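Colleague: I've got a new model open and I'd like to learn how to read it. Could you walk me through a few features?

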Amino acid sequence: MTPYIRLAELGLTLPEPPTPIANFVTHAESGRLIFLSGQGPLRADGTLCTGKVGEDVTVEQAYQHARLTGLNLLAVMHAAAGDLRRIARVVKLLGFVNATPTFSDHPKVVNGCSDLFADVFDKIGGHARSAIGVGSLPGNITVEIEAVVEIAA
């Protein structure tokens, strides 16, 4: 089953890849690796999911924001690789959670993206990962996630 069929079964459609908010590109290739710049929870209407997790945003809401961020990463991945079927492996995710100093469930939040990648890519969606809390993120977004993927030869 292709990633596109899995997305359709999940009721998801790839959005247009988000435009960078500063002086960087959405991705960079080196050999068979594609390094995806950090993406945030950008909705289809152009608005962002904002707030501080553990204060104005619950873990469950932030999980959905990380899932949305994963969908935006998939859009960039599609644009970079030309076809999600070219993805040989999701190698690594790095997730940042805009959280209060006492918040400690960062992994549960970033699971929103990890679970989506597992759903879309099956076994090749398993990856190494770090999930950390930060004091703030651009535009007060709740999460930012970057990824490294390998493309098929």
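This is a predicted model: local features need pLDDT of at least 70, side-chain atom pairs count only at pLDDT 80 or more; totals for chains, interfaces and linings use all residues.

Colleague: Okay. Is Glu 60 buried or exposed?

Modeller: Exposed: its relative accessible area is 57%, and the cut-off for that word is over 50%. Glu 60 and Asp 45 are 15 residues apart along the chain, and their C-alpha atoms are separated by 21 Å.

Colleague: Now charges. How do I read a salt bridge?

Modeller: The general idea is that side chains with opposite charges can pair when their charged atoms come close. The cut-off used here is a nitrogen of Lys or Arg within 4 Å of a carboxyl oxygen of Asp or Glu.

Colleague: How many salt bridges turn up in the whole structure?

Modeller: There are 3. One of them joins the side chains of Arg 32 and Glu 150, at 2.8 Å from N to O. Arg 32 sits in the loop between strand 1 and strand 2 and Glu 150 in strand 5, so this pair ties together parts that are 118 residues apart in sequence. Arg 32 is partly exposed at 40% relative accessibility, and Glu 150 is partly exposed too, at 23%.

Colleague: What does Asp 119 pair with?

Modeller: Asp 119 forms a salt bridge with Arg 67, and their closest N and O atoms are 3.8 Å apart. Here the pair ties helix 3, where Asp 119 lies, to Arg 67 in helix 2, so parts 52 residues apart in sequence are linked. Asp 119 is partly exposed, with a relative accessible area of 37%, whereas Arg 67 is buried at 17%.

Colleague: And what is the N to O distance between Arg 85 and Asp 83?

Modeller: It's 2.7 Å for the salt bridge between Arg 85 and Asp 83. Asp 83 has 17% relative accessibility, so it counts as buried.

Colleague: What about a charged residue that is buried and has no partner?

Modeller: Look at Lys 52, in the loop between strand 2 and helix 2. Lys 52 is buried but has no salt bridge, and the nearest side chain of opposite charge, Glu 55, is 6.8 Å away.

Colleague: Which backbone oxygen lies 2.4 Å from a polar atom of the Lys 52 side chain?

Modeller: The one of Gly 135. Beyond its neighbours within four places in sequence, Lys 52 is in contact with Val 57, Asn 98, Ala 99, Thr 100, Val 134, Gly 135 and Ser 136.

Colleague: Let's switch to the surface. Where is there a nonpolar patch?

Modeller: Leu 33, Phe 35 and Val 91 form one, with about 210 Å² of accessible area together. Phe 35 belongs to strand 2. With a relative accessible area of 39%, Phe 35 is partly exposed.

Colleague: Last one: the backbone angles. Which residues should I check for phi?

Modeller: Check Asp 122, which has a positive phi of about 60° although it is not a glycine. Asp 122 is in the loop between helix 3 and strand 4, and it is partly exposed at 42%. Then go to Asn 140, another residue that is not a glycine, with a positive phi of about 65°. You'll find Asn 140 in the loop between strand 4 and strand 5, partly exposed at 38% relative accessibility.

Methods: Residues are numbered from 1 along each chain as its sequence is written. Side-chain values use heavy atoms; hydrogens and water are left out. Patches are made of residues with over 30% relative accessible area and no salt bridge: like charges are joined within 9 Å, nonpolar side chains (Val, Leu, Ile, Met, Phe, Trp, Tyr) within 5 Å. Accessible areas come from the Shrake-Rupley method with a 1.4 Å probe; for residues, only the protein chains shown count as cover. Helices (H or I, at least four residues) and strands (E, at least two) are DSSP runs, numbered from the N terminus. Buried means under 20% relative accessible area, exposed over 50%, partly exposed in between (1.4 Å probe, protein chains only). Lys and Arg count as positive and Asp and Glu as negative; His and the chain ends are not counted. A polar contact is a pair of N or O atoms within 3.5 Å; within protein, one must be able to donate a hydrogen and the other to accept it, and residues adjacent in sequence count only if both atoms are side-chain atoms. Contact means heavy atoms within 4.5 Å.
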